[in-house]
Amino acid sequence: MIRLHLAAVLTGCFLDLCFGDPRWLWHPVCGIGSLISWLEKKLRNMFPKGEMGERRAGLWLVILVLLITGAVSGAILWTAYFLSPYAGFLIESIMCGQMMAWRSLREESMKVYKAFLNGDVEGARTAVSMIVGRDTKELPEEGITKAAVETVAENTSDGIIAPLLFMALFGGVGVFLYKAVNTMDSMVGYKNERYLWFGRAAARFDDICNFIPARLSAALMIGAGYVCQFFYGMRRVGNPYSGRNGLKIFKRDRFNHKSPNSAQTEAVCAGALQIQLAGNAYYFGKLYEKPTIGDVIRPVEYEDIPRANCLMTVTYVLGVIPVFLLFLIVF
């Protein structure tokens with residue numbers, strides 16, 4: 001079973017690399033999102049208005065979403081393995097593949113880069129609005145690029161390394177539960193009037209679940225910075241990567257964010273690319289003042305988008321290697 005499980009994890013990664021998230025294929029996260037929206041309406045009607053009522057409703061949202069997600073995914077996987085080990089392997093591979101986000105993240109961020117290559121700034125602004133939560137209508141070229149790079153850096157953790165870790169440790173059900181937590185945070189974990197109290201439990205639980213994965217992702221990305229620096233330096237002059245600076249900025253700026261996890265990989269990425277990220281941003285028409293991450297060693301340019309994707313990809317490879325070695329040991 002351990003061999004089949006690890007084989008399913010590796011196969012899932014391969015499926016993500018090859019196919020990503022086909023638009024014609026229903027995605028389980030859509031189902032989780034619909035469940036969250038439905039439960040939110042029900043729970044808001046069941047509990048009284050005000051801080052305590054919304055806190056309790058939000059806590060029950062987390063409990064019910066995790067119970068339902070775990071029960072459904074567990075029942076599917078148990079049934080598949082009960083019918084046949086190979087049927088279980090196939091279903092778990094698909095489950096794992098659907099929860100990895102390397103290909104979709106790369107494709108969506110590279111749409112921003114391709115728009116810049118075509119001189120279409122408005123197209124780049126539209127493309128980046130699909131992958132970030134901030135307001136993008138007034139973003140200049142540098143702001144658009146920074147938003148894309150920051151998204152790649154942050155999602156290297158919660159879109160790639162964290163799911164990889166959860167499915168390696170806890171299988172298909174584990175990664176589904178992680179994605180449920182992640183989806184709740186992205187839907188209700190805002191500090192605005194609507195979700196300040198209702199989304200508190202989801203946001204806190206997401207912080208807990210991502211505490212170790214975020215730091216593991218940062219460590220892997222530091223290694224990726226050195227790898228990219230080495231291979232880029234073999235071919236060209238003017239190396240944009242610096243593994244040493246990635247480590248330096250990680251140590252200095254990894255807590256320059258209200259979330260205890262978000263700046264971990266963002267700090268490494270800013271340092272490794274020798275640019276400055278973060279800073280003030282507008283969300284829902286309101287300006288949020290944020291500290292910067294990294295130093296202005298060189299100006300941000302749209303070529304930093306594929307460079308950030310290179311960091312993400314090498315980080316992914318470094319994360320898969322231990323799983324592959326473990327598979328060889330138990331094979």
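Are Arg298 and Asp304 buried or exposed? Both residues are buried. They also pair: Arg298 forms a salt bridge with Asp304, with 2.4 Å between the closest N and O atoms. This is a predicted model.

**A network**

The pair does not stand alone. Arg298 and Asp304 belong to a network of salt bridges that also links Glu301 and Arg307. Side chains of opposite charge can pair when their charged atoms come close.

**Pairs in helix H5**

Helix H5 covers residues 102–117. Arg103 and Glu107 lie in this helix, four residues apart. That spacing puts about one helical turn between them. Their side chains meet in a salt bridge, at 3.0 Å from N to O. Arg103 is partly exposed, at 26% relative accessible area. Glu107 is partly exposed too, with a relative accessibility of 38%.

Lys111 and Glu108 also sit in helix H5. They are three residues apart, again separated by about one helical turn. Their side chains form a salt bridge at 3.1 Å, N to O. Lys111 is partly exposed, and its relative accessible area is 37%.

**The bridges side by side**

| Salt bridge | N to O distance |
|---|---|
| Arg103 and Glu107 | 3.0 Å |
| Lys111 and Glu108 | 3.1 Å |
| Arg298 and Asp304 | 2.4 Å |

How many salt bridges does the model hold? The count comes to 12. Among them are the Arg103 and Glu107 bridge, the Lys111 and Glu108 bridge and the Arg298 and Asp304 bridge.

Notes
Residues are numbered from 1 along each chain as its sequence is written. This is a predicted model: local features need pLDDT of at least 70, side-chain atom pairs count only at pLDDT 80 or more; totals for chains, interfaces and linings use all residues. Side-chain values use heavy atoms; hydrogens and water are left out. A salt bridge is a side-chain nitrogen of Lys or Arg within 4 Å of a carboxyl oxygen of Asp or Glu. Helices (H or I, at least four residues) and strands (E, at least two) are DSSP runs, numbered from the N terminus. Buried means under 20% relative accessible area, exposed over 50%, partly exposed in between (1.4 Å probe, protein chains only).
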